Structure formats: structure tokens, C-alpha cells
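Morning, everyone. One structure today, and I will keep it brief. Please have a look at the model first.

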Amino acid sequence: MTRVDFRVEKNELRGVYYSETDRCLVYLPMHEDIEDIYKTISHELFHACFDKAGETDEMDEDMEERLIYNVQWAEESLA
């Protein structure tokens, strides 16, 4: 089960997923509001899902980031 932890120190990242430990870190000061935090949690969990499904073997980091972005914004893009 993927674990999500929160940090209150500033970091250049908003969030990060560690496949080695199946853990997501979310840096709270890097967000504007609660919806922004939810979006980052979802983003990092997509990384975990793709990793567990073995899909990351066929993607580089840019491809994975673009796919997650498109999935997260699909509803707004289609409207």
C-alpha cells in the first residue's frame, strides 16, 4: 500500500514518489490551497500506479509527467 507523507519545510519540489519505498512526499508550503494539495497527492499516486503496473519501464520521465498532466486535466480539456 502506497504511503503519503507530508513535509512542512520548503523544497523546490511540490511532491515526489519513491518507488524503492512505495512512498509519496508532499511539500505543503509549495501549494496555494487544499485543492492544489489534492492535485499533487493524485499526481504522485499516478506515479505509484504506473510504477506498480510496470508502465514506467517504457516511459522516460517527461513522457510520464505529460501523461499524468493530461489525465489530471482531461475533464477541463474536454469541456
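Buried means under 20% relative accessible area, exposed over 50%, and partly exposed in between, with a 1.4 Å probe and protein chains only. Buried residues make up 32% of the 79 residues in this chain.

A word on the source. This is a predicted model: local features need pLDDT of at least 70, side-chain atom pairs count only at pLDDT 80 or more, and totals for chains, interfaces and linings use all residues. Residues are numbered from 1 along each chain as its sequence is written, and side-chain values use heavy atoms, with hydrogens and water left out.

Next, charge. Lys and Arg count as positive, Asp and Glu as negative; His and the chain ends are not counted. The chain has 8 positive and 21 negative side chains.

Last, the cysteines. How many disulfides does a search of the whole structure find? It finds 0, taking a disulfide as a pair of cysteine sulfur atoms within 2.5 Å. The sulfur of Cys-49 is 9.1 Å from the closest cysteine sulfur, in Cys-24, too far for a bond. Cys-24 is buried, at 1% relative accessibility. Cys-49 is partly exposed, at 48%.

Note on methods: The place of a charge is taken as NZ of Lys, CZ of Arg, CG of Asp or CD of Glu.
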